[in-house]
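Subject: Structure handover

Hello,

Here is the structure we talked about handing over. Please open it alongside these notes.

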Amino acid sequence: MSEASPTAEVSSPEEAASSNSAPQDPVQNASTTDRMVLEYLRARGHNSAERALMEVLENVDSDDKEKHTETPTVSTDELVRSLAVYAQKPSRPGENVLKDSTSVLQELTTMGNPTNIQNLIASIGAVGAEEILALDPTDKQDGFTELEAWVDGSLDMYKPEFRPILFPIFCHFYLDLIQSGFREAALKFFSTFSLSLAAAHTATLHHLSTLLLPSHAQNDDLAQRFRNEKYAVRMSRSGFSLLVGWLTEGVGGEAAGAGEGFSGERGKRGRAAVMRVVNNHLRFDVSASNTTSVSPNAWEESTGLLSSLIPQTPGATASLTNPQAFNSSQGGLKLGPSPISEELRAEAEYKLREQATVETDPGAQYDASNIRPSVPGIVAPTETDLPPLPPTFKSIDVAREVQKVRDARKRIRLEPSALTNGDIDSPQNATLRARALPSVCAYTLHDAGEGAPCTTFSPDTSLMAAGFAESYIRIWSLKGEKLRGLRSDFQASSIQNSSSIQRIREKGGTSTRKLIGHSGPVYSLSFDPLSGSAGPPKYLLSASADATTRLWSLDTMTNVVAYRGHQNPVWDVQWSPLGVYFATGSRDRTARLWSTDRTSCLRVYAGHLNDVDCVKFHPNSLYLATGSSDWTARLWDVQKGSCVRVFIGHQGSLSSLAISPDGRYLASAGEDLAINLWDLGSGRRIKKMTGHTASIYSLAFSEESSMLVSGSADWTVRCWDVKSAGGMANKARENGLFGGEQSDHHETSDLVTTFPTKRTPITNVQFTPRNLCLVAGVYQAPDPR
Amino acid sequence: MNKPKARLPQAQNTGIYKKDTIRDVAESLGITSLSDAVASSLASDVEYRIHQVIEEAARFMRHARRTSMTTSDIDLALRVLNIEPLYGHSSHNPHIFRRALPFPQLPAAGPVYFVEDEEIDFDRVLREDKITLPRGVSYTAHWLAVEGVQPLIPENPPAIPRDDAQDPTKALAAGNVPLSPGRASANAKKQQQQQQLVKQVLSRELQLYYTRLTSSLLPPTSADHAKRTAALASLRNDAGLQALLPYLIRWIGEGVVGALKEGGQSENDGRVLEVLMDVISAIMDNTTLFVEPYLHQILPPILSTLLHSSLPPTHSTHLRTSASQSLSRLLTQHSTTYPSLSPRIMKTLLLALIGEGKSVGTREGAIRGLIGVGKEAVRKGLVEGGGAKVIGNECTASSWGMEPLVEAAMHAFVILQPPSDMPESADAELLTSLREALGNFFAEKLAGDRGWAVGVLTGTST
């Protein structure tokens, strides 16, 4: 390995790695093993070694082979190189000591224990000497120490660029050590270096630290991803050439007092170990742009194990390595509002006109542009694009459309952008503040036992439902009305009209009902949107850990259907905005589309590498957004079942999603405590909003899509300005005041306001059609201990 | 697999599953000859499996919208991993692990924890414990915000004063607001401002600080000199002690009274008083403290020390000087806001100076106090008020023990007018007026320097 220091012509490892070019002339007369070795060396970029081997092949071809008949797979040169480390004398630490093989053989004989070497050669056997050397645990330690010293010693402008390399190399070294069974060395390596790595990697590091045996490394998903995928690192051209320079020659970035570790043999072996990882497992996105011009967000999006996160388009030969490339390859989306059938529209208009004359309110006209504003540059789908729906409309559809118009007219307009210019606390701006910020009504659950994982409000805010860890669902009427189901003991022949149905309702009753049917914690609930805000919903969907999704009729207050299909707990369920269909996301790594009238699913959206934690329909129900524990969100074409957008940038599992009512933005919240805002059309991240100090459980856009509200486990509800630029607030003024407290201020400037609650983690936030914000959570009694 | 899982919390704590545990389990199953390598790799594997279960359970915890893991999460995780769940554990009564007494014969065994299995007497339970059914789940609704403003109702946490108008984003702060889980620190300045606004409740931290502070200041043994210096420095410089001020001042007052009541003659009392004087000056040094409301409480200790008849002889001069310095500082800082403050102090001091039957110590203190109040006060007391005459008379009456008093008086004259470099004798006329104003005793002392005497008498130097 002493010769394995390639010259600078290895300017691009991936080229070198991929170029399995045609064998050259001298190779033709060599044996097959020699050719293999030669190709291997070329692939690894060991040019000088390759050259040396070719010399050997030309000169000492025949006689040397006889000498080593017992180890046919190891050529002389390989052996020489592999033993060089042991043969190296401290008196001659020069570079080219082992250049020619004869001197090496002399060196070997002077050591005076040929039997040992014979044994060694015998033990090497078919494995190959380099493999043996690669297994040596110390070079990992040395290599990483040096890499770290080099990164720390580099210029400040390159540091942000070089730092991200440390993490993948660390992981691979650790996995190498584990895989070769050096458990103690691996633990030592981990404890030495893990602390200096960026805090963002803690989760991954912890996972790696649990792998202790070779079998673990072979079976673990994450370890396999590290092994089989290329870790993408972004780098500028100049930074990359510096890295190559260091890897090959060891130049640059020498820390003061680094000593002989850099020039010495061990240093070289360490570097070689680093290079092995770089060549085999890293992919560099070398960009022409200046280092400093790249935002930290862009770094986040373009580093990591990306290749498997990006879906592969069938038929495409070259695999896409960049989320942006994938997103743009998928073409445009139809993000406009969903169309409405002419008949329904005419009927709704007629109803509105009728009401207008009754109420002598001329403003109550149906104004299509009011409800479905068309934004320039956004394609609206036609009726044929929609998933199939019932051919005729019912009176409930008309009522819903009419109510939509009324809601739009009575809506409270929220303009958080008005707050950005000027001081919002001054008294004259109190009105401005009132106009910009929502009213929030909080529903707090008490005595919830083991907790309520989910709560939801019906669109007309007449009902609230909560799913409990004790496997049941409870519904409350928020209007205080009695919830009465239908009796089951009635004569079917006696039902003639609606009034006779009223007659078979239960007597008495309370304003709350308990729905029992699941056999595991209920993780998600969804009221059917069909009646909109015009009337109470008829159905409720629930998803549970028992792998079923259940449909509950709110007329009979009973379970109507259990949808089975997922093999694992169902994390989330949501109705499509037009009813009929609904989507679920499960631990089995798929999201599925169902229709209420079939017990088997219609579509399976597979592609996520980990649990699908949350699902959200696009308002026009053409697309479905999913958030997953593989740290990505995806947008799927509901009908085709194909992935059309992938959103990479979160540094943790996703916990919640929201799509703006205007259909243009996706907001996603992750366990990295950040909320990302994405542009659905381009798939690009618009901004990252931070400020929460614990998991974010729920997100909701206001009806104008101008404000985002988030509820979190840190007992707060926060309002974010969607339109403002965001970014870290300028704290220069406070630096003087409270120096050293910067770590507390990680809030981005687009956080408009924070409403703290009393010990209530907010599990659901929701806007009513009139822009009243409803939030719900379970009160956490202080721990008695 | 069952038994190792049962010890899950322990494994979590240490992070390393010991191979000795494997061996214990093996022995309990009747396997006695377990090789070291097997035990070690089994331990590694068990640790990995435990982590697997925990990672899986963490997902269930997140989806249950909780921030602490319960046994039900573990159960669900085991279920999806196709492992038989653990029975008999529920989150209703979390286990309390107790530490067993260490084995003296086997110190290498390390601490042993066990779950206490309580014996329940059914008779007692049936007879005494009335089982109360929990109230069902209920909800309450309230306005968290109305048009962006959080109403001040009991359901909402107490309002937080905005620290400055320009920063709307920084809303959460500390104080009486329950800290959210992720947010721990609060800054002291904010807290201080807030404490003036809200009802004052001394936080536990401040209480602790108070105890530590007072215990390191008193009793003043010479050993913990460094500690005392540190305590005084903290008092002098630290912000956020406003809430402690009333308690500290009361403590000083009680300390002074206590020290003086016992006669104030012992060395120890002197040292106590010295420390207390230092504390007062430290409090006044601290710019973040707002002393004004407590002036009426802080003055008595100072004046008592200053004017007390018999301070311990070794400390008396130093004590009276530092008391007068504190007094002087206090007056310069607060006489503008309290115009009646200096006349009242003057009156007290004059009374002590010329009143009948005061002790030597009191008179000395009064003079030092006057020096502290200022030049004009000294003139008023000694020259115009006839204080010098009184002292002079007393000095001529008894010559013993008057040195400090005379010294103080001469110092006061020096303050009034420094003696001239080349003294010339006063003429007869001046001598007469000197005798008139200062009495014979001091007239003789000043007679040697004409310029000084004139300056003392008239306030102008010739």
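This is a predicted model: local features need pLDDT of at least 70, side-chain atom pairs count only at pLDDT 80 or more; totals for chains, interfaces and linings use all residues.

**Chain A overall**

Chain A holds 25 helices and 29 strands. Of its 785 residues, 55% are buried. I also looked at contacts between residues at least 6 apart in sequence. In chain A, 59% of these join residues at least 24 apart.

**Helix α16 of chain A**

Helix α16 of chain A covers residues 237-249. Its 13 residues reach 18 Å from first C-alpha to last, close to the 18 Å expected at 1.5 Å a residue. Which of its residues are buried? They are A:G239, A:F240, A:L243, A:V244, A:G245, A:W246, A:L247 and A:T248. Just after α16(A) comes A:G250, with a positive phi of about 75 degrees.

A:T444 sits in strand β3 (residues 440-446) of chain A. Its relative accessibility is 6%, so A:T444 counts as buried. Set aside the neighbours within four places in sequence. A:T444 then touches A:T760, A:G777 and A:Y779, and also B:S138, B:Y139, B:T140 and B:H142 from chain B.

A:T768 lies in the loop between β28 (762-767) and β29 (773-778) of chain A. A:T768 is buried too, at a relative accessible area of 10%. Beyond its neighbours within four places in sequence, A:T768 is in contact with A:T461, A:E703 and A:L774. Take A:E703: it is 65 residues from A:T768 in sequence, yet their C-alpha atoms are 8.1 Å apart.

For packed helices, the description rests on the angle between the axes and the distance between them.

Helices α11 (residues 267-285) and α13 (residues 316-334) of chain B pack at about 20 degrees, with axes 10 Å apart. An angle under 35 degrees counts as roughly parallel, so α11(B) and α13(B) are roughly parallel. Their crossing is left-handed.

- The α11(B) side contributes B:G270, B:L273, B:E274, B:M277, B:I280, B:S281, B:M284 and B:D285.
- The α13(B) side contributes B:H318, B:L319, B:S322, B:A323, B:S326, B:R329, B:L330 and B:Q333.
- By class, the residues of this contact are seven nonpolar, six polar and three charged.

What else does α13(B) pack against? Its buried residues meet α11, α12 (295-307), α14 (341-354) and α15 (360-373) of chain B. Those buried residues include B:L319, B:R320, B:L327, B:L331 and B:H334. The length of α13(B) agrees with expectation: 19 residues should span 27 Å at 1.5 Å a residue, and the end C-alpha atoms are 27 Å apart.

**α8 against α9 in chain B**

Helices α8 (residues 204-217) and α9 (residues 225-237) of chain B pack at about 135 degrees, with axes 8 Å apart. α8(B) and α9(B) are therefore oblique to each other. This crossing is left-handed.

- From α8(B) come B:Y209, B:L213, B:S216 and B:L217.
- From α9(B) come B:K227, B:R228, B:A231, B:L232, B:S234 and B:L235.
- The contact of α8(B) with α9(B) has six nonpolar, two polar and two charged residues.

Best wishes

Key. Residues are numbered from 1 along each chain as its sequence is written. Chains are lettered from A and ligands numbered from 1 in the order in which they are written. Side-chain values use heavy atoms; hydrogens and water are left out. Axes are lines fitted to C-alpha atoms, for helices over the stretch in contact, and angles run from 0 to 180 degrees between N-to-C directions. Helices (H or I, at least four residues) and strands (E, at least two) are DSSP runs, numbered from the N terminus. Angles under 35 degrees count as roughly parallel, over 145 as roughly antiparallel, 65 to 115 as roughly perpendicular and the rest as oblique. A crossing is left-handed if the near helix is turned anticlockwise from the far one by less than a right angle, and right-handed if clockwise. Contact means heavy atoms within 4.5 Å. Ala, Val, Leu, Ile, Met, Phe, Trp, Tyr, Cys and Pro count as nonpolar, Asp, Glu, Lys and Arg as charged, and the others, Gly among them, as polar. The expected span of a helix is 1.5 Å times one less than its number of residues. Buried means under 20% relative accessible area, exposed over 50%, partly exposed in between (1.4 Å probe, protein chains only).
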